Amino acid sequence: MERGTLFCVYLLFFRFLKLSPPSFFYICKRTFIRLSAGFIWCVSKKLSTMPKFHPLKIKEVRREAGECVSVAFEVPEALKPEYRFTQGQHLTLKAELDGEEVRRSYSICASPYDGVLRVAIKKLEGGRFSTFANEKLKAGDTLEVMTPMGRFFTELDPANEKHYVAFAAGSGITPILSIMKAVLQREPKSEFTLFYGNQKVDTIIFREEIEGLKNEYMGRLSVHHILSRELQGSELFSGRIDAGKCSTFCDKLIDPQEVDEFFLCGPEAMIHDIRDTLTGMGVDKKKIHFELFIAGLNGKAQKNKEQRKGESVAATVQITLDGNSFEFPLTSTQDTILEAAHKAGANLPFACKGGVCCTCRAKLMEGEVEMDVNYALEPDEVEAGYILTCQSHPKTDKVVVDFDS
Ligand SMILES: Cc1cc2nc3c(=O)[nH]c(=O)nc-3n(C[C@H](O)[C@H](O)[C@H](O)COP(=O)(O)OP(=O)(O)OC[C@H]3O[C@@H](n4cnc5c(N)ncnc54)[C@H](O)[C@@H]3O)c2cc1C
Ligand code: FES
C-alpha cells in the first residue's frame with residue numbers, strides 16, 4: 001500500500017471512532033498505565049502475603065501477670081502494609097540462642113484497630129525462647145519477626161448480630177483477647193462470652209484489660225473466670241475447664257445452639273474435650289475454631305511414622321516458591337517435604353515443624369501426600385488441596401507443591 005493511502009486509512013479509522021489521533025494514543029497510554037498498575041498491584045499483593053522475616057525494634061516490654069511479658073514492636077512506615085494483621089493471627093519470632101537459630105510463634109494480643117503490634121510470651125519451665133524473652137528482652141532490642149500468619153478468625157462485619165463464645169486457658173488468652181476486642185470494636189450489635197481458666201487470680205494474664213473491656217462494652221461482654229488452685233464462691237467456677245464444665249456452662253449460662261462461633265485456645269486436652277462436648281450437643285463443627293500452641297504430645301506423629309515404614313514410595317518432588325521451581329528426589333519413609341527441601345538448599349517458610357502453626361502451608365498441585373498430623377488446616381483448606389509441608393510425605397512418584405498459590 002502506498003504511503004498516502006495508508007495515511008487516508010489512518011484518518012478514516014479515527015473518524016469512524018469519532019476520535020482524534022492524539023486522543024486515541026492518550027487512551028492507549030492510559031490503558032497501558034492501568035494494566036501495568038493492576039499487574040504491579042497483583043504482584044505486590046501476592047508478595048506481601050508470603051511470610052517473610054524483617055528485623056523489628058522492640059518498643060516496649062511490659063510485665064504481665066503469671067510470669068508473662070508482652071512485647072510491642074515498632075513497625076517502620078514502609079513495612080506497615082506487610083504487618084497489617086487480622087484478629088487471632090500470630091507472629092513467628094527468630095533469635096540466635098547459644099549459637100542456634102530458634103523460631104517460635106506468638107499470637108498477637110492486640111486488635112487490628114488498636115494501632116499496635118504486640119505479642120504476649122508466657123515463661124515455661126525450661127523453655128528456651130520463653131525464658132529468653134522473659135529474662136533478657138528489653139526495649140530497643142531488635143528481633144527477626146515474620147509477617148503475620150494464621151487463620152484463627154472469622155470475617156467481621158459491622159452489620160453482624162452474632163454471639164461469640166470463647167474458651168481460653170492460661171496464655172491461650174492472647175489470640176482470644178485480639179478476637180474479642182476486634183469483635184466488640186467492629187461489630188456493635190454482637191455479643192461476646194469468655195470462659196477463662198487459670199490457676200489463681202494473680203496468674204490471670206490481662207485481667208485488668210479484660211475488666212476494662214467489660215466496663216467499656218457493658219451488656220455485650222460476659223466474662224467467667226474458672227480457677228483451678230483457688231477456691232471461688234461457686235463450685236461451677238472452680239477446677240479446670242473440661243468436658244463436664246463445658247456441659248454445665250451450656251446448661252446454665254449459654255445456649256450452644258444459639259452461638260454463632262466458638263473459639264478455643266489452651267491445652268490440647270481442653271480443646272478436644274470442649275470440641276467433642278459441643279459437637280455431641282449438635283453444634284456444627286464449622287462453628288468451632290481452635291488454635292493449638294503445642295502438639296505432638298499424644299504420639300500421633302510417631303504412630304503414623306511407624307505405619308509408613310512398610311510402604312516406601314520413591315518420588316520426585318517439585319516445589320515452586322516466589323515463581324521459581326526446583327526438583328529433588330524423596331522417599332516416603334525419609335524426611336518430610338519441608339526437611340528434604342531445606343537439605344536441597346531451599347529457604348521455605350516454617351516455624352513450629354509440629355503441624356500447629358500453618359507457616360509451611362502450600363498447595364498440592366499434583367500427586368498425593370500423607371500428613372503425619374494436621375492441627376492447623378481447616379477441613380475446607382484440606383479439601384482445596386492445601387498441605388502442611390512440615391508433615392507431608394509423598395504417596396505418589398510425582399508430587400508438585402506450590403507455595404505461591
Ligand atoms: C500458632 C501458635 C501461637 C502461639 N502463641 C503463643 C502465645 O501467644 N503465647 C505463648 O506464651 N506461647 C505461644 N505459643 C507457644 C510458643 O510458640 C512456644 O511453643 C512456647 O513459648 C515454648 O517455647 P520455648 O522455646 O520457651 O520452649 P521449648 O524449649 O520449645 O520447650 C520446653 C518444654 O516445654 C514444653 N512446651 C513447649 N510449649 C509448651 C506449651 N505451650 N505448654 C506446655 N508445655 C510446652 C515442651 O514440650 C518442652 O518440654 C504459640 C504457638 C503456636 C504454634
Ligand atoms: S511449620 Fe508449623 S505447621 Fe509446619
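Student: Leaving aside its neighbours within four places in sequence, which residues is Ala166 in contact with?

Tutor: This is a predicted model. In it, Ala166 is in contact with Ile176, Ile179, Met180, Leu194 and Phe263. The word "contact" is used because the C-beta atoms of such a pair lie within 7 Å.

Student: What makes Ala166 stand out in the largest nonpolar core?

Tutor: That core has 85 residues, and Ala166 is among those that touch the most other members, together with Ala168, Ile176 and Met180. Helix H4 gives the most to this core, with 8 residues. In soluble globular proteins, nonpolar side chains tend to be buried together.

Student: Why is Glu311 called exposed?

Tutor: Glu311 has 10 C-beta neighbours inside 10 Å, so Glu311 counts as exposed. Glu311 lies in the loop between helix H8 (300-308) and strand S12 (314-321). Its C-alpha is 8.0 Å from that of Ser332, although the two are 21 residues apart in sequence.

Student: How do you know that S2 and S5 are paired strands?

Tutor: Two strands pair if DSSP finds at least two bridges between them. Strand S2 (residues 68-74) and S5 have 6 bridges, in the antiparallel sense, so by that definition they pair. Val69 stands opposite Ile121 in S5.

Student: What makes S4 and S5 the edge strands of the sheet?

Tutor: The open sheet has 6 strands in the order S4-S3-S6-S1-S2-S5, with antiparallel pairing. S4 and S5 are its edge strands, as each pairs on one side only. On average, neighbouring strands are turned by 40 degrees against each other, direction ignored. Helix H4 (residues 173-186) packs on this sheet and touches strand S3 (90-97), S4 and S5. The direction of H4 makes about 40 degrees with that of S4.

Student: How many residues does the protein chain have, and what share of them is buried?

Tutor: The chain has 405 residues, and buried ones make up 34% of them. To be called buried, a residue needs 20 or more other C-beta atoms within 10 Å of its own. The secondary structure comes to 10 helices and 18 strands.

Methods:
Residues numbered from 1 in each chain as written. Chains lettered and ligands numbered in written order. Predicted model: local features only at pLDDT ≥ 70, side-chain atom pairs only at ≥ 80, totals over all residues. Helix = DSSP H or I, 4+ residues; strand = E, 2+ residues; numbered from the N terminus. Axes fitted to C-alpha atoms, helices over the stretch in contact; angles between N-to-C directions. Contact = placed C-beta atoms within 7 Å. Core = buried A, V, L, I, M, F, W, Y, C linked by C-beta atoms within 7 Å. Buried ≥ 20, exposed ≤ 12 C-beta atoms within 10 Å, placed from the backbone.
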